[in-house]
Amino acid sequence: MLKLTDIEKVYQTKTIETVALNRVNLTVSKGEFVSIMGPSGCGKSTLLSIMGLLDEPTSGHIEIDGRPVTSYSDRELAHLRNQKIGFVFQSYHLIHDLSVIDNVELPLLYRSGVSGKERRQRAHAALDKVGLSARTNHFPNQLSGGQRQRVAIARALAGNPEIILADEPTGNLDSVMGEEIMDILLGLNRREGTTIVMVTHDEQQALKTERVVRFFDGSQVS
Ligand SMILES: Nc1ncnc2c1ncn2[C@@H]1O[C@H](COP(=O)(O)OP(=O)(O)OP(=O)(O)O)[C@@H](O)[C@H]1O
């Protein structure tokens, strides 16, 4: 469903040029759970941003469902991102003065044709999937780190994404909470067939996924 060919990303500042990705070739099939590993600065987050159509490569090709991304207009790209892709970040990125349910509903506000009632229903269903139905009216600062991450996963799920891109989703959590989050992601992948690409520094977690792709200095090494 997602195919990257010869992807290069070069960051150019006044003083230094950084090759963040060097001719990366990676295909992610529908229903796969892939981990991306590698040392700090090797280009993992850059890769995830490019896969999520949040950033453009300096060169190379991206195909989504067999169609080159270059054939999409900016509007179509935004639509595609909104419809197909859910993002989960290490530091949750929740809005502190919105309740749990309002945080989860937020991405659906940008979808046309979703009524207020449907938004609420979908948000409730997503919170149910991550076991947080009892916390809908809490605010993020009333939750533990693991619970905040579950809200962030519910927010990604509310949009019914085909693919979840998770950047170190357990990076801020202790091992017990990290396991919980991992179990939720594995369950989504196995039960619902959601495709997941996850950046992680945790070898044990990576080994639970179907495929581990390793990077070093912007290049794929295995
Ligand atoms: N906006 C930017 N401008 C300039 N250089 C950047 C920018 N973003 C990233 N880089 C550089 O690109 C390289 C890859 O960064 P990236 O954040 O993708 O690495 P990473 O593997 O995700 O690291 P970490 O594990 O520490 O999060 C690094 O050398 C980084 O300094």
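Strand β2 (17-28) and helix α1 (44-51) each contribute at least two residues to the shell around the ligand, where helices (H or I, at least four residues) and strands (E, at least two) are DSSP runs numbered from the N terminus. The structure is a predicted model, in which local features need pLDDT of at least 70, side-chain atom pairs count only at pLDDT 80 or more, and totals for chains, interfaces and linings use all residues. Residues are numbered from 1 along each chain as its sequence is written. The shell consists of Tyr11, Thr13, Thr18, Ala20, Gly38, Ser40, Gly41, Cys42, Gly43, Lys44, Ser45 and Thr46, a residue being counted as near a molecule if its C-beta atom, placed from the backbone, lies within 6 Å of it. Helix α1 provides the largest share, three residues.

The chain contains seven helices and ten strands. Its radius of gyration, taken over C-alpha atoms, is 17 Å, close to the 17 Å that the globule rule (2.2 Å times the number of residues to the power 0.38) gives for 222 residues, so the chain is as compact as a globular protein of that length. The C-alpha trace spans about 45 × 40 × 40 Å along its principal axes. Of contacts (C-beta atoms, placed from the backbone, within 7 Å) between residues at least 6 apart in sequence, 72% join residues at least 24 apart.

An open sheet of six strands has the order β6-β7-β8-β3-β9-β10, with mixed pairing; two strands pair if DSSP finds at least two bridges between them. Its edge strands, β6 (85-89) and β10, each pair on one side only. Strands β3 (residues 33-37) and β9 (residues 211-216) run parallel and are joined by four bridges. Val34 has Arg211 of β9 as its bridge partner, and Met37 stands opposite Arg214 in β9. The pairing of β9 with β10 (residues 219-220) is antiparallel and involves two bridges, with Phe216 partnered by Ser219 of β10. Two residues lie between the strands of this hairpin, in which Asp217 adopts a positive phi near 50°.

Of the 222 residues, 39% count as buried, the criterion being 20 or more other C-beta atoms within 10 Å of the residue's own, against 12 or fewer for exposed and values in between for partly exposed, with C-beta atoms placed from the backbone. Neighbours within four places in sequence aside, Val197 is in contact with Val28, Val34, Ile36, Leu48, Met51, Ile163 and Leu165.

Gln142 occupies the loop between α4 (116-129) and α5 (145-158). This residue is exposed because 12 other C-beta atoms lie within 10 Å. Its C-alpha atom is separated by 9.9 Å from that of Ser99, 43 residues apart along the chain.

Note on methods: Two residues are in contact if their C-beta atoms, placed from the backbone, lie within 7 Å.
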